Amino acid sequence: MDQIRSDAKCRAELNALHPREKAALGKILINASRYGEFEISEASAACYDPGHDYLDLIECWELLATKMAAGEDIKPEVPKPVVGLSERAGEIFSELPPTQQKSIVLCVRGRVNINFQDTVAHNLKLGGSDALWALKINGFENAQMSRLAKAANWTEMTGYYEMEADNASKLIRGEIGFEKYRLLSKDSQKLLSAALTRESSWQSAHNRNFQKFARECEELATKIIGSAKVAASE
């Protein structure tokens, strides 16, 4: 019951933030013609910071959107070194037992999935460049989730996300059609099912860990969500 309430609270917070995220990215896109592609990419990426949470990221994008609308200089004042996902996950996981590492992976998975469903998935129905953007985000997020699972030495989950990322990449490049993509996804779902089934006996421990490592979960999820959306928009 505690986890159900926690999930509901998390979803409510995300629902409140998603309209702001979409509005900010929309304004950036509208005013993109005023700036060079590299300039926009650099400014957008600068909004990501390992110490930022999701709200910080959105507020940074809102500020960038305001500057672009006013025609102001958007070059980042101070270049910020970015700690890679695998490196940061390694730091977090280094002193944690396997169950806690997997708890964090599951927590991040949940947050990434909620964000995709609430802010990106509807673009798949629009077709064209909107659908392509959504597919790219899905592919980037899966690739990063595979690295996160690998950092936790979670073989089944790593394999699942690697297959999903590869399938999305083939679909984007036109190597396979959507029907083939759906068939391949059914195969990867078997790996996911196996991974989750083995963890079912640890569900109570995972529920406790979701609360204990909420900050780490938010940090890693923000890193994946933010970098995937920036990369897909380039």
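# Helix packing and a disulfide in an all-helix model

In helix H5, the residues Gln-101, Val-105, Val-108, Arg-109, Val-112 and Phe-116 are in contact (heavy atoms within 4.5 Å) with Ala-134, Ile-137, Asn-138, Glu-141, Met-145, Leu-148, Ala-149 and Ala-151 of helix H6. Sorted by class, the contact of H5 with H6 holds ten nonpolar, two polar and two charged residues. Here Ala, Val, Leu, Ile, Met, Phe, Trp, Tyr, Cys and Pro count as nonpolar, Asp, Glu, Lys and Arg as charged, and the others, Gly among them, as polar.

The model is predicted, with local features needing pLDDT of at least 70 and side-chain atom pairs counting only at pLDDT 80 or more, while totals for chains, interfaces and linings use all residues. Residues are numbered from 1 along each chain as its sequence is written, and side-chain values use heavy atoms, with hydrogens and water left out.

## Overall make-up

The protein has ten helices and zero strands; helices (H or I, at least four residues) and strands (E, at least two) are DSSP runs, numbered from the N terminus. Of its 234 residues, 43% are buried. Buried means under 20% relative accessible area, exposed over 50%, and partly exposed in between, with a 1.4 Å probe and protein chains only. When contacts between residues at least 6 apart in sequence are taken, 79% join residues at least 24 apart. The protein exposes about 12,600 Å², and carbon and sulfur atoms supply 54% of that area; the areas come from the Shrake-Rupley method with a 1.4 Å probe, and for residues only the protein chains shown count as cover.

## Two partners of H5

Two packed helices are described by the angle between their axes and the distance between the axes. Axes are lines fitted to C-alpha atoms, for helices over the stretch in contact, and angles run from 0 to 180 degrees between N-to-C directions. The axes of H5 and H6 (residues 128–151) come within 10 Å and cross at roughly 175°. H5 is therefore roughly antiparallel to H6. Angles under 35 degrees count as roughly parallel, over 145 as roughly antiparallel, 65 to 115 as roughly perpendicular and the rest as oblique.

H5 also packs against helix H9 (residues 203–212), at an angle of about 70° and with the axes 9 Å apart. These two helices are therefore roughly perpendicular to each other. On the H5 side the contact is made by Thr-99, Gln-100, Lys-102, Ser-103, Leu-106 and Cys-107, and on the H9 side by Ala-205, His-206, Asn-209, Phe-210 and Lys-212. By class, the contact of H5 with H9 has four nonpolar, five polar and two charged residues.

## The disulfide

One disulfide is found in the whole structure; the term means a pair of cysteine sulfur atoms within 2.5 Å. The sulfur atoms of Cys-107 and Cys-217 lie 2.1 Å apart. The pair links distant parts of the chain, 110 residues apart, with Cys-107 in H5 (residues 98–119) and Cys-217 in helix H10 (residues 214–233). The torsion about the S-S bond is about -95°, so the disulfide is left-handed.

## Two asparagines

Asn-153 lies in the loop between H6 and helix H7 (155–172). Most residues other than glycine have a negative phi, but the phi of Asn-153 is positive, near 55°. Asn-167 is in H7. Leaving out residues up to four places away in sequence, Asn-167 touches Ile-176, Tyr-181, Leu-184, Ser-185 and Ser-188.

| Residue | Relative accessibility | Class |
|---|---|---|
| Cys-107 | 12% | buried |
| Cys-217 | 0% | buried |
| Asn-153 | 65% | exposed |
| Asn-167 | 4% | buried |
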